[in-house]
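Notebook open, structure loaded. I'm jotting down what I look up as I go.

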Amino acid sequence: MKIAVLPGDGIGTEIVAEAVKVLSVLDLPFEMESALVGGAAFEAHGHPLPESTLNLAKAADAILFGAVGDWKYDTLDRPLRPEQAILGLRKNLGLFANFRPAICYEQLVGASSLKPEIISGLDILIIRELTGDIYFGQPRGRRVATDGHFPGAEEAFDTMRYSRPEIERIAHVAFQAARKRSKKVTSVDKANVLETFQFWKDVVTEVHAEYPDVELEHMYVDTAAMQLVRAPKKFDVVVTGNMFGDILSDEASMLTGSIGMLPSASLNAKNQGLYEPSHGSAPDIAGQGIANPLATILSAAMMLRFSLNQPQAADRIESAVQDVLASGLRTVDIWSEGTTKVGTREMGDAVVVAITKTITKG
Ligand code: NAD
């Protein structure tokens, strides 16, 4: 099992070091190789995704990614900015399915801005299509309007589009994921207004015929945004397009209280995947040793489950994280009165100790 380790910038290096420590204690036959990505790669090689890093990622079964970016790169030409590395990896590896679980840990119920009864026990999975939609559709640009309300005025435009195979493959991913959970998929669209999403709805319905054991509901995106804060536990697997998924997955992540707890996975058709925390490089706290490493450690657990076929090792990491939270240890982002504040390294060490205990017991 070959893992490409790409820590990136800011807190990326600190949190990935903890995830690597956790993976190492599992005693599985991993081969881990690190490379620079993002701003760090730009500094060293003049490009955020150098060919050597891309080749390492392509040859690996999975990529463990930290985060990239820093405000000091905001003035660079767009193709040289650190964030382009993520887009480059998605494109080159064909990573089309983004998994963002939103799980509310019982010990952190108080960290959410919603009432405990609304989010206690929350465990939903947002699956976002990553390669199509209005983000990549052509043509796009600026021009002088020849029609519309203001002919002759300057205007900007983008193209929303989805092809049948793009919708079919993400629908299969969602139904198959639902089969391993509570067998319910909510497909989110805007079919009442957009032709693209009427097509989306039709194709998802057709694919559903192959999964009679899974319940399918369709929901407009505005209703979904409302229901996510009103009654989020009614959802199980949510599948949607690139733009709606971008927005809804961030909304869902906030239900759980802290962005420092949220893992994510982006998979291609061969189950090769890029695993990363949902947050960014947090330059405001980088180098202070206070970042929460749990989102990255939980991303490593997702990697074991989805790309490396090691579900028991994934379970072991996830229950170790629960044990550590139950013991009252908290990084600064999830700290509250009555709990013990720890740094990045101490949190990683505590997860390692909790795993070692289950290995000894088991
Ligand atoms: P951010 O997610 O980095 O930080 C937002 C806030 O959350 C900050 O206050 C930060 O301190 C805090 N935070 C984030 N992760 C944390 C953790 N693990 N533990 C404790 N606190 C944490 O978002 P931002 O500040 O908008 O962006 C900073 C940089 O990250 C930018 O350059 C941006 O482009 C980049 N970014 C990268 C990715 C990625 O690599 N996938 C994603 C989002 C943003």
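This is a predicted model: local features need pLDDT of at least 70, side-chain atom pairs count only at pLDDT 80 or more; totals for chains, interfaces and linings use all residues.

Started with what the buried side of H3 packs against: strand E1 (2-8), strand E2 (31-34), strand E3 (62-67) and helix H4 (84-93).

Next I listed the buried residues of H3, which spans residues 51-59. They are Thr 53, Leu 54, Leu 56 and Ala 57. I looked down the helix axis: these buried residues fall within an arc of 160 degrees, so they line one face of H3. On the face of H3 turned away from the buried side I found the exposed residues Glu 51 and Ala 59.

Moved on to the ligand. I get 21 residues around the ligand, with Val 68, Glu 83, Gly 280, Ala 282 and Asp 284 the closest. By class, that shell has 10 nonpolar, 6 polar and 5 charged residues.

Then I checked backbone contacts to ligand oxygen atoms. A backbone N or O atom of Gly 280 sits 2.7 Å from a ligand oxygen. For Ala 282, the distance from a backbone N or O atom to a ligand oxygen is 2.8 Å. A polar backbone atom of Val 68 is 2.9 Å from an oxygen of the ligand. Taken alone, the ligand exposes 800 Å², and the protein buries 70% of that.

Buried or exposed, I wondered about Thr 196? Thr 196 is buried, because its relative accessible area is 15% and the cut-off for buried is under 20%. Leaving aside neighbours within four places in sequence, I see Thr 196 in contact with Met 160, Arg 161 and Tyr 162.

Technical notes
Residues are numbered from 1 along each chain as its sequence is written. Side-chain values use heavy atoms; hydrogens and water are left out. Buried means under 20% relative accessible area, exposed over 50%, partly exposed in between (1.4 Å probe, protein chains only). Contact means heavy atoms within 4.5 Å. A residue is near a molecule or strand if one of its heavy atoms lies within 4 Å of it. A polar contact is a pair of N or O atoms within 3.5 Å; within protein, one must be able to donate a hydrogen and the other to accept it, and residues adjacent in sequence count only if both atoms are side-chain atoms. Accessible areas come from the Shrake-Rupley method with a 1.4 Å probe; for residues, only the protein chains shown count as cover. Ala, Val, Leu, Ile, Met, Phe, Trp, Tyr, Cys and Pro count as nonpolar, Asp, Glu, Lys and Arg as charged, and the others, Gly among them, as polar. Helices (H or I, at least four residues) and strands (E, at least two) are DSSP runs, numbered from the N terminus. The arc is that of the directions from the helix axis to the C-beta atoms.
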